[in-house]
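I opened the model to look up a few things and kept notes as I went. The entries follow in the order I made them.

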Amino acid sequence: MPYRFFSHTADAAVELEAPDEAGLRAAGVAALRELLVGESPVAGTSERPIVPSGHDAADRLIHYLQEVLYLYDTERFVPAEAAPDGVRGEPFQEGRHQAVREVKAVTYHGVEVRRGEDGQLRANVVFDL
């Protein structure tokens, strides 16, 4: 699994692991989807564009995940997976998706992208619930 949740006060914190930045975005989308709709099935039938921007890998990751959350909040677009030029998903459907919890924000609190000795990138991300 490319992500794992760990204890954090009142928020949800996750450690993402991947070989590159695209993989970190994919792991971040998977973690965010689980927080939002749990085990509900989500199809990648539509794509929304997102251009990762920022001055470093951590900034690009947080910006990307903030945009995914914005799409969920404004369009009820449930993310299925990261895509090269955005995010794939589908509109929220009653009966198909179950809203598990509200995620208020993707924060910069303690975020850092680092490369481990095994060559993998790792990042800790905190979601404000």
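**Entry 1: E90.** I looked up the side chains of E90 and Q93 and found a polar contact of 3.3 Å joining them. A polar contact here is a pair of N or O atoms within 3.5 Å; within protein, one must be able to donate a hydrogen and the other to accept it, and residues adjacent in sequence count only if both atoms are side-chain atoms. This is a predicted model, where local features need pLDDT of at least 70, side-chain atom pairs count only at pLDDT 80 or more, and totals for chains, interfaces and linings use all residues. Residues are numbered from 1 along each chain as its sequence is written, and side-chain values use heavy atoms, with hydrogens and water left out.

Is E90 buried or exposed? E90 is buried, because its relative accessible area is 5%. The cut-offs are under 20% relative accessible area for buried, over 50% for exposed and partly exposed in between, with a 1.4 Å probe and protein chains only. I placed E90 in strand β5. Then I listed its contacts, leaving aside neighbours within four places in sequence: P41, V42, A43, T45, R76, F77, V78, R96 and H97. Contact means heavy atoms within 4.5 Å.

**Entry 2: R76.** Helices (H or I, at least four residues) and strands (E, at least two) are DSSP runs, numbered from the N terminus. R76 has a positive phi of about 55° although it is not a glycine. At 35% relative accessibility, R76 is partly exposed.

**Entry 3: the sheet with β5.** Which strands does this open sheet hold, and in what order? There are three, in the order β3-β5-β4, with antiparallel pairing. Two strands pair if DSSP finds at least two bridges between them. β3 (46-49) and β4 (77-83) are the edge strands, each pairing on one side only. Neighbouring strands of this sheet are turned by 40° against each other on average, direction ignored. For such angles, axes are lines fitted to C-alpha atoms, for helices over the stretch in contact, and angles run from 0 to 180 degrees between N-to-C directions.

I then followed β4 against β5 (residues 86-91): six bridges join the two antiparallel strands. One spot I marked is A82, which stands opposite V87 in β5.

Two helices pack on this sheet. Helix α1 (residues 21-37) touches β4 and β5, and its direction makes about 160° with that of β4. Helix α2 (residues 57-75) touches β3, β4 and β5, and its direction makes about 150° with that of β4.

Entry 4: α1 has 17 residues and reaches 24 Å from its first C-alpha to its last, close to the 24 Å expected. The expected span is 1.5 Å times one less than the number of residues. α1 is mostly covered, with 13 of its 17 residues buried. G38 follows α1 and has a positive phi near 60°.

α2 has 19 residues and reaches 27 Å, close to the 27 Å expected. D56 caps its N-terminal end: a side-chain oxygen lies 3.3 Å from the backbone nitrogen of A58. Buried residues of α2 include L61, Y64, L65, V68 and Y72.

How do α1 and α2 pack? They meet at an angle of about 35°, with their axes 10 Å apart. α1 contributes E21, L24, R25, G28, V29, L32, L36 and V37 to the contact, and α2 contributes A57, R60, L61, Y64, L65, V68, L69 and Y72.

**Entry 5: β8.** I moved on to strand β8 (residues 121-128). Six of its eight residues are buried, so β8 is largely enclosed by the rest of the structure.

I went through its antiparallel partners in turn.

- Strand β2 (residues 12-18) pairs with β8 over seven bridges, and V14 has V125 as its bridge partner.
- Strand β6 (residues 105-107) is joined to β8 by three bridges, and V106 stands opposite F127.
- Strand β7 (residues 113-115) pairs with β8 over three bridges, and R114 has R122 as its bridge partner.

Last, I checked the hairpin of β7 and β8. Five residues lie between the strands, and G119 takes a positive phi near 90°.
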